[in-house]
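Student: Could we go through this model together? I would like to begin with the fold and then turn to the charged side chains.

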Amino acid sequence: MEMRHEQQKPSDGLAEQRASNELVKLIRKLRWLGMEEEAKKVENQLTQCDVPAADSVVARSRETD
């Protein structure tokens, strides 16, 4: 059975989305461990991905009392 090109795109896009999301998780872990330089390298990889991550790695300040 032969798949059309249109049928292959959603699964490819899904795989790319997962890869982007995994990079976001890795960046968060590296920053949590204090490995900012390594996190920056992975963040550069993330910006080169065709599919943006569903989540963000932008750090927000949280007010705590």
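Tutor: The answers below cover the fold, the surface and the salt bridges. This is a predicted model, in which local features need pLDDT of at least 70, side-chain atom pairs count only at pLDDT 80 or more, and totals for chains, interfaces and linings use all residues. Residues are numbered from 1 along each chain as its sequence is written, and side-chain values use heavy atoms, with hydrogens and water left out.

Student: Which secondary structure does the protein have?
Tutor: The protein has two helices and zero strands, helices being DSSP runs of H or I with at least four residues and strands runs of E with at least two, numbered from the N terminus.

Student: And what share of the residues is buried?
Tutor: Of the 65 residues, 15% are buried (under 20% relative accessible area; exposed is over 50%, partly exposed in between, with a 1.4 Å probe and protein chains only).

Student: Where does Leu33 lie?
Tutor: Leu33 sits in the loop between α1 (5-32) and α2 (36-47), and its relative accessibility of 54% makes Leu33 exposed.

Student: Now the charges: which residues form a network of salt bridges?
Tutor: Arg31, Glu36 and Glu43 do; a salt bridge places a side-chain nitrogen of Lys or Arg within 4 Å of a carboxyl oxygen of Asp or Glu. The closest N and O atoms are 3.5 Å apart for Arg31 and Glu36, and 2.7 Å apart for Glu43 and Arg31.

Student: What does the pair Glu43 and Arg31 tie together?
Tutor: Glu43 lies in helix α2 and Arg31 in helix α1, so the pair ties together parts 12 residues apart in sequence.
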